[in-house]
Structures are given as structure tokens and as C-alpha cells.
Amino acid sequence: MGFVLLVFLAWLVLVLFTTMNKKLTFIENTFVYLSAMVININYTWIVYEELNMADISQQILNNSAFLIHRSITLPITLAITLNLVRTGDSLASKFIIMTVSVAFLVSAVMIAGYFGIVDYKEWNIGYEIIYLLLLHLVVQFLLKYFGQLKTRGVNEA
């Protein structure tokens, strides 16, 4: 059941991303997706494999669900969030968009925990919330830096 729910969430974010009016360019969306995925893969490798703070299920479907969440749902959700943040008028609306995004991702993590896809030993949902907030901020900063590099490259040419 956990596999089905996490695949449904991945499918849902993919449909939302493909049908939404995007404010970021194709290259910026690709940059956001790849940077979020690289950071998240390294985070999961450190927390799950090196520090042994959580276990990933070794059953094929559950492990596939974890990989789908890690490699599709989370980066695409960040891309959707950053597209929506660009449309936000005020700082409060941007904060609300980011909070809804973190709540969505935390609910996916809670589904994974409930169905035994991920078993936290020395890690809890509070740490996950902090990580997701920091991930949103870091990717937002990287996107801003990427935009400055793009502008600087055009001005120097």
C-alpha cells in the first residue's frame, strides 16, 4: 500500500508540474531539479547509510517507493514550489507556499514511515522538517546564484 501511495504522489506532482504555468525557464527548472536531487541523494546516503540513523526497507517494492520519492517526488515538488514562489506577491505568501510544500513532503515521509518503507532509529520527523526547510532555502539560494551567473556571463560577453 505504501508503494501505491508514494507512486501516486509522484504521479500527482509530475502531472501538476507538467500542467502548471511555469515562471522559471526550462534551464532553471532543470537546475532546480538536479540540484535538489543531488543534495537529497547525498543527504539520504549520509543519514541512512553512513550514520545509520534510519533504515530503508530491503523489500523490492518498498525500496522502489523510497527511490521514487527521493528521485522524483521531492525534486519535482521543489521545482513546483520555486515556480509558485516566483508568482508570490508578498513574503508571507512565499512563506505559505514553502510551508505547504514542506507539509506535503513531510506527509510523504510519514506515509513511508507508516508502511515500513523507512524506519527511523535516531532520526525523527522534526529533523526531517528542518532538513526540508533548509533544502528549500539552499535550492532557492542556488537558483538565485545561478541567475546571477547567467546575467554576469551575458554582460561579460
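Entry 1. A pocket here is an open set of points on a 1 Å grid over the protein atoms alone, where a 1.4 Å probe fits, with protein on both sides within 12 Å along at least five of seven lines.

Entry 2. The model is predicted: local features need pLDDT of at least 70, side-chain atom pairs pLDDT 80 or more, while totals for chains, interfaces and linings use all residues. Residues are numbered from 1 along each chain, and side-chain values use heavy atoms, without hydrogens and water.

Entry 3. I listed the lining of the largest pocket (residues with an atom within 4 Å of a point); among them are Leu12, Thr77, Ser101 and Phe104. α1, α3 (60-87) and α4 each give two or more residues to this lining. By class the lining has eight nonpolar, three polar and no charged residues.

Entry 4. I then checked α1 (residues 2-19) against α4 (residues 91-114): their axes are 10 Å apart at an angle of about 160°. The two are therefore roughly antiparallel (over 145 degrees). Leu5, Leu6, Leu9 and Val13 of α1 meet Phe104, Ala108, Ile111 and Ala112 of α4, contact meaning heavy atoms within 4.5 Å. These residues are eight nonpolar, no polar and no charged.

Entry 5. For α1 and α3 I noted an angle of about 25° and axes 9 Å apart. They are therefore roughly parallel (under 35 degrees).

Methods:
Axes are lines fitted to C-alpha atoms, for helices over the stretch in contact, and angles run from 0 to 180 degrees between N-to-C directions. Helices (H or I, at least four residues) and strands (E, at least two) are DSSP runs, numbered from the N terminus. Angles under 35 degrees count as roughly parallel, over 145 as roughly antiparallel, 65 to 115 as roughly perpendicular and the rest as oblique. Ala, Val, Leu, Ile, Met, Phe, Trp, Tyr, Cys and Pro count as nonpolar, Asp, Glu, Lys and Arg as charged, and the others, Gly among them, as polar.
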